[in-house]
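Please look over the structure shown here, and then read the briefing that follows, which takes one chain after the other before turning to the contacts.

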Amino acid sequence: MIKFEDVTKIYPPDTIGLEGVDLHIEKGEFVFLVGPSGSGKSTFIRLLIKEIDPDRGKIAVGGRDLGTLRKWKVPYLRRNIGCVFQDFKLLSSKTIFDNVLYALQVTGNGGSSAKRKVSEILNLVGLSHKASNYPDELSGGEQQRVSIARAFVNHPPLLIADEPTGNLDPETSNGIMQLLYRINKTGTTVIMATHDREMVDAMRRRVIALDDGQIVRDQRRGGYGEA
Amino acid sequence: MGKLKFFLGEALRSLRRNYFMTIAALVTVFLSMAVLGAVMVFVYNIEAVLKDVEQKVEISVFLKDSVTAEQIETLQAEIVGWEEVKESQFVSKDEALQRLKEDMGEGADVVEDLGRNPLPASFEISLNDPEEVGGIASRLEGREYIDEVSYGQEIAERIFQVTSVIRNILVVFLVMLGGVSILLISNTIRLSIYARRKEVEIMKLVGATNWFIRWPFVIEGIVVGTVGAAAALAVVQLGTDFVVERIRENLIFLSVPFDAISLVQLAIVLLGVGALIGATGSGLGLRRFLNV
């Protein structure tokens, strides 16, 4: 699914994003990306969606080499990667329903089948009753569920979550985790960057720990701080 | 088709939601276009006046009384043969007298009392380019059966000097004004896009292509540009009518037509420029935010 070969990204002048990272993530895996701020988690994610390009090395997603992927094809790559962010990144000018629908509209699919899909996924995340509300009328946890609904409405093979629970209280975080877990059960690869120690320890999934842009640990059923 | 509907809907919705920016942009377009339109009307009328003045520059060739009909015919043929000449009209002694009588109206009796006709026959020559007047006149001067060639040389030259200076000033002014309008409008649009750069970033993350993001913005720009320009057009047109009316009432003796520039011409220019600036302003303004 995802392959990093000796990937290095340096932010000018000399800040290390990632350094010599080799990595392989299989289809259907659930992977935690842990590490202190500035350890390279965000760089990793931005490289995956080709928001930035590496200075060295090769990245392949779904068998496609991102290095040779033309710029105009990047949107098509992103349609196959659902993204969830700490700050939700919802369109404040659109209703909840339209926010999720937008992810389908960009693929040229805005008809009645798309609307049915949106209704289904909002039902799944338990927000059908807020469909016509605007994002700023929702709580943080609710907004994050909308964001997950949007990321998953296409049923992408890969879902990336960058600190999705970073702004949420523990109980709400649990709900979000459950959602991601269920999504992973459908066969979607999930990569989640997090600081949430308890969550990682409770889930017992593959843990990749980054520090200073390097992988310091890659454990099949790991905890947050285990050596 | 469904896409067009979607883009239109997006554009209109966002115009409504960002109404403050919409109004700011509309006012900017309206003011720039109104000033541009007013100046265009002004320039157009000045140009009409200049043309009118220039057209009055004619060459009169007065013939000696001894000239024969044959000579007149040859000369007429020669003059008409010159490509600079638009029209050459022969005015016989009788016709000249007739005209004088008409001009004098009630005082025409005086002319009758003269007993004989003192007026010379003449050619009245108008030119395609009135500025050639000097050259043509010198070609005719000094021929044996020509008494005098007159075209008000000094006045004509002064007129051409003044009109060309005025024209140059107006062109520079129009160009500067157009440039200022474009800058002002595209700046306002840039500002409104900047306020929405987060939105653009999110759209990109969800996998929208650049054009998918761009179209609603471009449509927004076109709407704002056209609506603002239409308002300006209405104001300029009404204002022109008003002013022309006043001039007609108070300056009846002015022979200049004061035909306001035609509404269609003005509409094409203002609406076209408005829509174009709106569309390109939005399209280009987006560029930096699309590079995510």
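**Briefing on chains A and B**

Chain B holds ten helices and four strands, where helices (H or I, at least four residues) and strands (E, at least two) are DSSP runs, numbered from the N terminus. This is a predicted model, in which local features need pLDDT of at least 70 and side-chain atom pairs count only at pLDDT 80 or more, while totals for chains, interfaces and linings use all residues. Residues are numbered from 1 along each chain as its sequence is written, and chains are lettered from A and ligands numbered from 1 in the order in which they are written.

**Chain B**

- Read from the N terminus, the elements of chain B follow the order α-α-β-α-β-α-α-β-α-β-α-α-α-α.
- Chain B has a radius of gyration of 30 Å, whereas a compact globule of 292 residues would have one near 19 Å; this radius is taken over C-alpha atoms, and the globule rule is 2.2 Å times the number of residues to the power 0.38.
- The C-alpha trace of chain B spans about 100 × 40 × 35 Å along its principal axes.
- Of the 292 residues in chain B, 28% count as buried, that is, 20 or more other C-beta atoms lie within 10 Å of the residue's own, with C-beta atoms placed from the backbone.

**Two helices of chain B**

- Helix H2 (residues 19–55) and helix H10 (residues 263–290) of chain B pack at an angle of about 150 degrees, with their axes 11 Å apart; axes are lines fitted to C-alpha atoms, for helices over the stretch in contact, and angles run from 0 to 180 degrees between N-to-C directions.
- That angle makes H2(B) roughly antiparallel to H10(B), a term used for angles over 145 degrees.
- In H2(B), the residues B:Val29, B:Met33, B:Gly37 and B:Met40 meet B:Leu266, B:Val269, B:Leu270 and B:Gly274 in H10(B), where contact requires C-beta atoms, placed from the backbone, to lie within 7 Å.
- The residues of this contact divide into six nonpolar, two polar and no charged; Ala, Val, Leu, Ile, Met, Phe, Trp, Tyr, Cys and Pro count as nonpolar, Asp, Glu, Lys and Arg as charged, and the others, Gly among them, as polar.

**Chain A**

- Chain A comprises seven helices and ten strands.
- The radius of gyration of chain A is 17 Å, close to the 17 Å that the globule rule gives for 227 residues, so chain A is as compact as a globular protein of that length.
- Buried residues make up 44% of the 227 residues in chain A.

**Where the chains meet**

- Chain A gives 14 residues to the contact and chain B gives 13 residues.
- On the side of chain A that touches chain B, helix H2 (74–79) and helix H3 (96–105) of chain A are the elements that give two or more residues.

How values were computed. Parallel < 35°, antiparallel > 145°, perpendicular 65-115°, else oblique. Contact = placed C-beta atoms within 7 Å. Buried ≥ 20, exposed ≤ 12 C-beta atoms within 10 Å, placed from the backbone.
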